[in-house]
Amino acid sequence: MAGQNCLVTNDWICGEYLRSRSQELTDATVQHIWITAVSVALGVVVAFPLALLARRGRRFAGPVLGLTTVLYTVPSLAMFSLLLPLFGLSAALVVTGLVLYSLTILVRNILAGLQAVPQEAKEAARGMGYGSVRLLWEVELPLAMPAVMAGIRIATVSTIALTTVGSIVGRGGLGNLIEDALPSFFKAQVLAASVLCVLLAVVADLLLLGVQRLLTPWTRIPATRDVVGAAGPAKAV
């Protein structure tokens, strides 16, 4: 009975809410994950050729980086309003907006990673007969992977937070629960949805960090060795 009373008294922490609304929470979480995953994946697909274009020189880098930065500064309500005539009240509207917001992070990190590849490594690959495409996929991209993955991690966490804004068209995942709870200030629902958003961001970041470590095993090799341990203790005179 005490557990049920927390709904009546509108407590922040309410076990009865979690029990009675578990399916609603699950559905909202699944929608949140789906929208985030699709948005980040499409963002990477769009950002990669843009980064390659920006790498060609300043005359390309300026417009590309400038455009992605301007897109990021557009308020979310304005962005969705501009896209509404094209996509209507659909998940595509939210996904497209999130993809556009992710570009400023992804393009800059991919570009920074590619530009940080040592010139010696590229020259050695060319000396071995690597063409431009093979050089990109087998040398430059693997060496740029730490920066690329860092960008994907930041974009993912940012997208998880921004997905809640999609509640204005009913496609906000956990944001839908927060918006529904605000008129009556249903504390348990606001807290539960907010905590789940934070947990999603933490779990996603840890999973991507694990993927990054798998893709870049050389980054875990110690840079230096203990000289004394390797050579043995100095002989006393």
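R21 is partly exposed, with 31% relative accessible area, where partly exposed covers the range between buried (under 20%) and exposed (over 50%), computed with a 1.4 Å probe on protein chains only. The model is predicted: local features need pLDDT of at least 70 and side-chain atom pairs pLDDT 80 or more, while totals for chains, interfaces and linings use all residues. Residues are numbered from 1 along each chain as its sequence is written, and side-chain values use heavy atoms, with hydrogens and water left out.

**Salt bridges**

Side chains of opposite charge can pair when their charged atoms come close. A salt bridge is taken here as a side-chain nitrogen of Lys or Arg within 4 Å of a carboxyl oxygen of Asp or Glu. Five salt bridges are counted by this rule. The table gives some of them, including the pair formed by R21.

| Pair | Closest N to O | Relative accessible area |
|---|---|---|
| R21 and E24 | 3.4 Å | R21 31%, E24 32% |
| R134 and E138 | 3.2 Å | R134 40%, E138 45% |

E24, the partner of R21, is partly exposed as well. E123 and R126 both belong to helix α7 (residues 119-127) and stand three residues apart, about one turn of the helix. Helices are DSSP runs of H or I with at least four residues, and strands are runs of E with at least two, numbered from the N terminus.

R134 and E138 are four residues apart in helix α8 (residues 132-163), so about one helical turn separates them. R134 is partly exposed, and E138 is partly exposed too.

With a relative accessible area of 4%, E140 is buried. Leaving aside residues up to four places away in sequence, E140 touches R55, L114, V117, K122 and L135; contact means heavy atoms within 4.5 Å.

**Pockets**

Rolling a probe the size of a water molecule over the atoms shows where empty space is left. On a 1 Å grid over the protein atoms alone, a pocket is an open set of points where a 1.4 Å probe fits, with protein on both sides within 12 Å along at least five of seven lines; lining residues have an atom within 4 Å of a point. Points are joined across faces, edges and corners, and the volume is the space filled by probe spheres set on them.

The largest pocket holds about 260 Å³ of space. It is lined by 13 residues, of which I33, T36, A37, T156 and A204 are the closest to its centre. Elements giving two or more residues to this lining are α3 (22-54), α8 and α10 (187-215). The most come from α3, with six residues. The lining has ten nonpolar, three polar and no charged residues, counting Ala, Val, Leu, Ile, Met, Phe, Trp, Tyr, Cys and Pro as nonpolar, Asp, Glu, Lys and Arg as charged, and the others, Gly among them, as polar.

The second largest pocket has a volume of about 160 Å³. Among its lining residues are W12, Y17, L25, A188 and V195. Here α2 (15-20) and α10 are the elements that give two or more residues, and α10 supplies the largest share, five residues. By class, this lining has eleven nonpolar, no polar and no charged residues.
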